[in-house]
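Colleague: I would like to go through the backbone and the strand pairing of this model. Please give the general idea first, then the case at hand.

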Amino acid sequence: MLSFFNHAAVSARLLALLQEHRVTTWLTDPSSPIALAIRSDIGHALLIIMPFILIAWGGLIYCIIKFRASRGHKPATFTHNNPLEFAWTALPLMAVILVMIPAYKLLHHMDYGPHPDLSITVVGHQFFWEFKYPGYGIDRANEALVVPANRNISLHITSVDVIHGFYVPSLGVQMDAVPGHINYAWFNAKPGTYRGQCAMLCGRLHSKMLITVIALPPAQFQTWLDNHAKSGGQAALRRRAQPGLASLFLAPRSLS
Ligand SMILES: [Cu+2]
């Protein structure tokens, strides 16, 4: 009996831990315009392809039952039917085009975001993430990415060693961090804490490359920024970093 209660207590602690560290997703809690658009685009695509799945599977199941050999059915011998072949080529093609149009628009929106209120440099390392706030003197490694909520944040993503993947599902951000390249992504988050993970198998401790994004209300973020900018914000970084990126990005400005 005692061991049952012990197990129950451990399970409750595990559940609490899982809840606290749960991975947030675009499906259950889309928290940026892009994540919302990804979810609605996938719903739209599913609606378009569903008739094809139902017709194909329905036809297959109907034929298996109706024309089964055990009922003595003689197989037909015809091999071609031009109108049918034209229909099953043209209709799926139209479906692909209908799926493609909103998907292409969304990809374009992801690639060419709005003017940023804050630009952040994201650097992948084996095996942690570094976040630089050019112009503010803030450089955080293996810590949460803190940003203002309801503001356009642009990310310039790179790596110093191997290819990593910066992936925060509920913000609709997934971008490779490639050595020698600077990739762009953007988001505009609701206030909250969002979990992510390196999405590119990058070595032995890949699974430890977790990401936490904290979106604070802008006034609160300004306080955080003032505190960290004053103290230099350099404390945590002990590894080599990519030089010279800061000069590419925007000058600091007030966010409140
Ligand atoms: Cu990784």
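Colleague: Is Asn-150 buried or exposed, and why?

Modeller: This is a predicted model. Asn-150 counts as exposed because 12 C-beta neighbours lie inside 10 Å, and the cut-off for exposed is 12 or fewer. Asn-150 sits in the loop between S4 and strand S5 (153-159).

Colleague: Which residues does a cis peptide bond join?

Modeller: Most peptide bonds are trans. Here Gln-126 and Phe-127 are joined by a cis bond, with omega about 5°. Phe-127 is in the loop between strand S1 (118-125) and strand S2 (128-133).

Colleague: What is the strand order in the open sheet of five strands?

Modeller: Strands of a sheet pair through backbone hydrogen bonds, either parallel or antiparallel. The order in this sheet is S4-S10-S9-S6-S7, and the pairing is mixed. S4 and strand S7 (173-177) are at the edges with a single partner strand each, so one side of each has no neighbour in the sheet. From one strand to the next, the twist averages 20°.

Colleague: In which sense do S9 and S10 pair?

Modeller: Strand S9 (residues 192-198) and strand S10 (residues 210-216) are antiparallel, with six bridges. Arg-195 stands opposite Thr-212 in S10.

Key: Residues numbered from 1 in each chain as written. Predicted model: local features only at pLDDT ≥ 70, side-chain atom pairs only at ≥ 80, totals over all residues. Helix = DSSP H or I, 4+ residues; strand = E, 2+ residues; numbered from the N terminus. Buried ≥ 20, exposed ≤ 12 C-beta atoms within 10 Å, placed from the backbone. Pairing = 2+ DSSP bridges. Axes fitted to C-alpha atoms, helices over the stretch in contact; angles between N-to-C directions.
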